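Please consult the sequence and the model while reading the points below.

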Amino acid sequence: MALVAQSVYDYYNYLFREYNDPRVEHFPLLGSPLPIFVIIVVYLNLVNNWGQRWMQNRKPYQLTTIMNIYNGTQVVLNLWIGISGWLNSYFSDDYDWICEPVNQKVSPSRQTLIYMTYLYFLTKIMDLLDTVFFVLRKKNNQITFLHTYHHAGMVFATYIFTKFVSGSHATLLGLINSMVHVIMYFYYFLTSFRPELKNSLWWKRHITQVQLIQFLILMVHFGLPLIFGYCNYPVFLLFVGFTQNLFMFTLFADFYVKTYVKGRKKELKDEKS
């Protein structure tokens, strides 16, 4: 037992003190994984238990001004990350469109990409406020497994990516996801600022369609090098990237069918009856 514990400890030291990327080791929250685990555990308990019990006998908060500021900030941050990230990765001279292996390049464009990757990681922590707002507004029906799994999982995934393989093949995930979030939070901003637009904007359904396309692109991005082995990238991370995007595609597709296909058919049936 003592030998097993020593082996685990030695591997932990190697992974988090020797294998990690020295370009990011001084960034806040990129040291020990303990703070990230604490954030995730507190988040899950807060939105699924503590927060709902605390709000049980209270009136829902409106939070209109706070949500306007939050959604507007998300639009600006994600747009900045997306534009700067694309310019300093796929549209720079030292980035491979087909396969960008794990490396520790040092150049002005690569350093900017590292900063954008770190900022993207911070926005995933910021995204947890989405669910907190649901709790405070007593929108508990929106706190689904899909919602909480996606938010908690992205915090952990972006921590691993930023700490160990920043600026490599998985960069595409953050770039596409940031642009999707620009659209999504702009929609939230408009509907939070003017609630009457909820029934007039046609793009809520198409936001989910864009998210599904996002997962399909990323499945190809991680799946092809996993199958054909042409990219010098950790096979385990390729496998996780592919399976997680497949899983998210399945969950979002199920949500899409239930909400916009079956739900629409039910509305039409009710109108005829």
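In this predicted model, Asp 94 is partly exposed, with a relative accessibility of 23%. Its salt-bridge partner, Arg 110, is buried at a relative accessible area of 0%. The count of salt bridges comes to four, and those described below include a network of three residues.

- Asp 94 lies in the loop between helix H3 (64–87) and helix H4 (108–126), whereas Arg 110 belongs to helix H4, so that the pair, 16 residues apart, links distant parts of the chain.
- Glu 100 also meets Arg 110 in a salt bridge, at 3.3 Å from N to O.
- This second pair likewise links distant parts of the chain, with Glu 100 in the loop between H3 and H4 and Arg 110 in helix H4, ten residues apart.
- Glu 100 counts as buried because its relative accessibility of 2% falls under the 20% limit.
- Through shared partners, the salt bridges join Asp 94, Glu 100 and Arg 110 into one network.

- Asp 254 and Lys 258 form a salt bridge in which the closest N and O atoms are 3.2 Å apart.
- Both residues lie in helix H9 (residues 235–272), with a spacing of four residues, or about one turn of the helix.
- Asp 254 is partly exposed at 38% relative accessibility, while Lys 258, at 51%, counts as exposed.

**Packing of helices H2 and H6**

- The axes of helix H2 (residues 34–55) and helix H6 (residues 145–164) come within 10 Å and cross at roughly 170°.
- H2 is therefore roughly antiparallel to H6, a description that applies to angles over 145 degrees.
- On the H2 side, the contact is made by Ile 36, Phe 37, Ile 40, Tyr 43, Leu 44, Val 47 and Asn 48.
- On the H6 side, the contributing residues are His 147, Thr 148, His 151, Ala 152, Val 155, Phe 156 and Tyr 159.
- By class, the contact of H2 with H6 comprises ten nonpolar and four polar residues, with no charged residues.

Note on methods. Residues are numbered from 1 along each chain as its sequence is written. This is a predicted model: local features need pLDDT of at least 70, side-chain atom pairs count only at pLDDT 80 or more; totals for chains, interfaces and linings use all residues. Side-chain values use heavy atoms; hydrogens and water are left out. A salt bridge is a side-chain nitrogen of Lys or Arg within 4 Å of a carboxyl oxygen of Asp or Glu. Helices (H or I, at least four residues) and strands (E, at least two) are DSSP runs, numbered from the N terminus. Buried means under 20% relative accessible area, exposed over 50%, partly exposed in between (1.4 Å probe, protein chains only). Axes are lines fitted to C-alpha atoms, for helices over the stretch in contact, and angles run from 0 to 180 degrees between N-to-C directions. Angles under 35 degrees count as roughly parallel, over 145 as roughly antiparallel, 65 to 115 as roughly perpendicular and the rest as oblique. Contact means heavy atoms within 4.5 Å. Ala, Val, Leu, Ile, Met, Phe, Trp, Tyr, Cys and Pro count as nonpolar, Asp, Glu, Lys and Arg as charged, and the others, Gly among them, as polar.
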